[in-house]
Amino acid sequence: MYRVAVIGDKESIYGFAALGLDVVYPENTLQAQEAFRKLTQSNYAVIYITEELAEVLDEEIEKFSYKSTPAIIRIPGVKGNTGKGMMNVKKSVEKAVGSDIVFNN
Amino acid sequence: MATKQVNPTRMELTRLKKKLATATKGHKLLKDKRDELMRQFLDMVKLNKQLREKVEKAINEANKNFVLASASMNDEALSLSMLAPKQEVTLEVSSTNIMSVEVPKYKINYRTADTNDMFCYGLAFTSCDLDTAVSSLSDVLPDMLRLAEVEKSCQLMADEIEKTRRRVNALEHVLIPETRANIRYISMKLDENERSTQTRLMKVKDMMLKEAHGY
């Protein structure tokens, strides 16, 4: 049985705890790396990460793009939408097709 | 032009001919696979885009509510109210096969029977903004999980498409032309050998006739 985790700054994600997702709010980069590593090694099928934190952990996240679990999904934080999540979708289109034919902007 | 050294023998020729047949068949199959994957990927990615737009919008809305909630409650009370969640989400992961790509499928299980039963705090000491925030977040959760499924599928498929495309190109532009050139080279060489044997025999025959009858 797999679980779902959310990682990011506290203001953005504390609400997810009420829904029964596991929330982790690391305070600095080192803690974030450690927490992220722990999450990926335990029984989580989906890990949501705020776009801000994803920026910091970009390298680590990239490693999991080829594996079927866990799925690491960027979500906008409380400070607003940076568009990084959408960029990622765009990137996979570019990888598959060679050029961006879905977004066109 | 044969770039590698090949033995101009009949055995090598049959071997190369077999290799060419396999390569051509493989090329055709891989090309079909790539086209089908691409078709499915484009549908999937469009869905991914729609879902993402929807989810991002909903999360932004929920975040606004959470900001309102945290404005009207102090930090300790807020942390306290989230301390003991009633609801728990677990996933059953199965995988479906799309053109040999293993794509995850999630089945959501909630701990409590009613999915709306998620307020894990007393209503007396919390602001009503928190209720709105939590319920708006709970509404978006199924979509978020669907997004995770679709986005992961897209990533995996993009990877597979890239690989398949490389293979198709390698077969089409390297292996098949090279094998063709080698086959051509061997058959030319064999023909040439045959012709030289023929002329040698003719020459020997002439010499022998000359010796026997003095032509």
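## Basis of the description

The bend at a residue is the angle between two axes, one fitted to the seven residues ending there and the other to the seven residues starting there. Helices (H or I, at least four residues) and strands (E, at least two) are DSSP runs, numbered from the N terminus.

This is a predicted model, in which local features need pLDDT of at least 70, side-chain atom pairs count only at pLDDT 80 or more, and totals for chains, interfaces and linings use all residues. Residues are numbered from 1 along each chain as its sequence is written, while chains are lettered from A and ligands numbered from 1 in the order in which they are written.

## Confidence

The pLDDT is the predictor's confidence in each residue, on a scale from 0 to 100. Chain A has an average pLDDT of 86, and 98% of the residues score at least 70. For chain B the average is 87, with 95% of the residues at 70 or above. Within chain A, the mean pLDDT is lowest for the element α1(A), at 83, and highest for β3(A), at 91. The model as a whole scores ipTM 0.88 and pTM 0.84.

## The helix α3 of chain B

Along its course, α3(B) bends by about 40 degrees at L171(B). The residue that follows the helix is G214(B), whose phi is positive, near 70 degrees.

## Strand pairing in chain A

Two strands are taken to pair if DSSP finds at least two bridges between them. In chain A, β1(A) is joined to β3(A) by five bridges, and these strands run parallel; I7(A) stands opposite I49(A) in β3(A). Strand β1(A) is also joined, by three bridges and again in parallel, to strand β2 (residues 22-24) of chain A. There, V23(A) is the bridge partner of V6(A).

A cis peptide bond is found elsewhere in the chain, leading from T69(A) to P70(A) with omega near -10 degrees. P70(A) belongs to the loop between α4 (58-63) and β4 of chain A.

## The hairpin of chain B

In chain B, β1(B) and strand β2 (residues 101-110) pair in the antiparallel sense over 10 bridges. These strands form a hairpin with two residues between them. A residue is classed by the number of other C-beta atoms within 10 Å of its own, with C-beta atoms placed from the backbone: buried at 20 or more, exposed at 12 or fewer, and partly exposed in between.

M99(B), in the loop between β1 and β2 of chain B, has a positive phi of about 50 degrees although it is not a glycine. M99(B) counts as partly exposed because it has 19 C-beta neighbours inside 10 Å. S100(B) is found in the loop between β1 and β2 of chain B and likewise is not a glycine, yet has a positive phi of about 70 degrees. S100(B) is exposed, since 9 other C-beta atoms lie within 10 Å.

## Contact between the chains

Two residues are in contact if their C-beta atoms, placed from the backbone, lie within 7 Å. The contact between the chains takes 34 residues from chain A and 48 residues from chain B. On the side of chain A that touches chain B, the elements giving two or more residues are β1 (2-7), α1 (10-13), β3 (44-50), β4 (71-75) and α5 (84-97). The largest share of this side, seven residues, comes from α5(A). By class, the side has 22 nonpolar residues, nine polar and three charged. Here Ala, Val, Leu, Ile, Met, Phe, Trp, Tyr, Cys and Pro count as nonpolar, Asp, Glu, Lys and Arg as charged, and the others, Gly among them, as polar.

Strand pairing also crosses from chain to chain: two bridges join β1(A) to strand β1 (residues 89-98) of chain B, and these strands run antiparallel. L91(B) in β1(B) is the bridge partner of Y2(A). E92(B) lies in strand β1 of chain B as well and stands opposite K107(B) in β2(B). Leaving aside neighbours within four places in sequence, E92(B) is in contact with M1(A), K107(B) and N109(B). E92(B) counts as exposed because it has 12 C-beta neighbours inside 10 Å.
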